[in-house]
Amino acid sequence: SDDATTDIVRGYCDTDARLGLLHGEETPEGWTGKNWACHQLSRSAAGDILLFVDADVRPSPHALSHTAAAFAAYEADAVSAFPRQLLHGFAARLIVPIMDVILYAFLPLPLVHRTRRPSLAAANGQWIAFRREGYDRIGGHEAVRGEIVEDIALARRVKVHGGTMLLTVGAGSVACRMYEGFA
C-alpha cells in the first residue's frame, strides 16, 4: 500500500493486542497483488474460518456473527456477501446501481447455494469467508494466483471440489464505498 495504511494499522496494534501487522513479501511473477496478499495472510492465520475483506468495506458490529451464523445455518464451506453500496457523488450514483441491477437480475442467488454446478458459482471478493479445511482443499488463493476475478474462480473451485458456496446480500451487515469519481 502506498497510502497511510501501515501507520493506521500500527496505531490500532498499539491499542489492541489482538491485532498485528504483517509486512508482505514482494509479489512473485504470475500472481496478482491481491491474491498474493491474501495467500500470505492465509499462511499466517490460525483460525478455523478465514475472512478476506477489502479495505473499503465497512462492517457493522454484527457482521462477523452474521457470517458465522450463515456457515452453521447453511452448512457452507464458503460464505460471501454483497455489501450495501454507499453512493457518494454523481459517478457512484450513476454507475454502481447498474452493477447491482445486473448482478441481481442475472444471477440466481438461491442456485449458487443449491446446485453443484460450477457455472452457477459466484462470490464477492469484498467479503468472502472460508472454512479453513475447505480453503486448503481448493488450493486457496494460490490456485487462482493469476486471476483478476479471483472471487468467482474461488467460488467455482469450492463447487468443483464438492463444497457448498453461499452468496448472500449483506446489506444489513456490511457496506462499501467503492468509487469516488469516474476515473
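# Close-up views of a predicted model

**View A. Strand 3 and its pairing partners.** Strand 3 and strand 5 are paired antiparallel over three bridges. This view, like the others, comes from a predicted model. Within the pair, S80 has I128 of strand 5 as its bridge partner. Strand 3 also pairs with strand 6, here in the parallel sense and over five bridges. If you follow that pairing, you will find F82 opposite V169 of strand 6.

**View B. The two faces of strand 3.** Is strand 3 enclosed or open to the outside? Five of its five residues are buried, so strand 3 is largely enclosed by the rest of the structure. Both faces are covered, with A78, S80 and F82 buried on one side and V79 and A81 buried on the other.

**View C. The largest nonpolar core.** This core has 22 residues, and the members that touch the most other members are F52, L107, V112, F130, V158, M165 and L167. Two or more residues each come from strand 1 (49-53), strand 3 (78-82), helix 5 (109-114), strand 5 (127-131), helix 7 (150-160) and strand 6 (165-169). Which element gives the most to this core? Helix 7 does, with four residues.

**View D. The surroundings of V112.** Setting aside residues up to four places away in sequence, V112 touches L107, L120, A122, K159, M165 and L167. Among these, L107, M165 and L167 are also on the list of core residues that touch the most other members, as is V112.

**View E. H141 in its loop.** H141 sits in the loop between helix 6 and helix 7. Its relative accessible area is 1%, so H141 counts as buried. What does H141 touch, leaving aside neighbours within four places in sequence? Its contacts are W31, N35, C38, H39, F52, Y135, E150 and L154. Two of these lead on to other views: F52 belongs to the largest nonpolar core, and E150 forms a salt bridge with K34.

**View F. K34 and E150, a link across the sequence.** The closest N and O atoms of the K34–E150 salt bridge are 3.0 Å apart. K34 belongs to helix 2 (residues 33-44) and E150 to helix 7, so this pair ties together parts that are 116 residues apart in sequence. How accessible are the two ends? K34 is partly exposed at 30% relative accessibility, while E150 is buried at 6%.

**View G. D7 and R10 in helix 1.** Side chains of opposite charge can pair when their charged atoms come close. D7 and R10 meet in a salt bridge, at 3.5 Å from N to O. Both residues lie in helix 1 (residues 5-15), three residues apart, or about one turn of the helix. With 54% relative accessibility, D7 is exposed, whereas R10, at 39%, is partly exposed.

**View H. R132 and D136 in helix 6.** This salt bridge joins D136 to R132, with 3.8 Å between the closest N and O atoms. The two residues share helix 6 (residues 132-137) and are four residues apart, about one turn of the helix. Is R132 buried or exposed? The relative accessible area of R132 is 18%, and with a cut-off for buried of under 20%, R132 is buried. D136, by contrast, is partly exposed at 46%.

View I. Strand 4 and strand 7 run parallel and are joined by two bridges. In one of the pairings to look for, Q85 has C176 of strand 7 as its bridge partner.

**View J. A nonpolar patch on the surface.** We finish on the outside. F90, L94, I95, M99, Y179 and F182 make up a nonpolar surface patch, and their accessible area together is about 600 Å². Where is Y179 placed? Y179 lies in the segment after strand 7 (174-176). Its relative accessible area is 42%, so Y179 counts as partly exposed.

Key. Residues are numbered from 1 along each chain as its sequence is written. This is a predicted model: local features need pLDDT of at least 70, side-chain atom pairs count only at pLDDT 80 or more; totals for chains, interfaces and linings use all residues. Side-chain values use heavy atoms; hydrogens and water are left out. A nonpolar core is a set of buried Ala, Val, Leu, Ile, Met, Phe, Trp, Tyr and Cys residues joined through side-chain atoms within 4.5 Å. Buried means under 20% relative accessible area, exposed over 50%, partly exposed in between (1.4 Å probe, protein chains only). Contact means heavy atoms within 4.5 Å. Patches are made of residues with over 30% relative accessible area and no salt bridge: like charges are joined within 9 Å, nonpolar side chains (Val, Leu, Ile, Met, Phe, Trp, Tyr) within 5 Å. Accessible areas come from the Shrake-Rupley method with a 1.4 Å probe; for residues, only the protein chains shown count as cover. A salt bridge is a side-chain nitrogen of Lys or Arg within 4 Å of a carboxyl oxygen of Asp or Glu. Two strands pair if DSSP finds at least two bridges between them.
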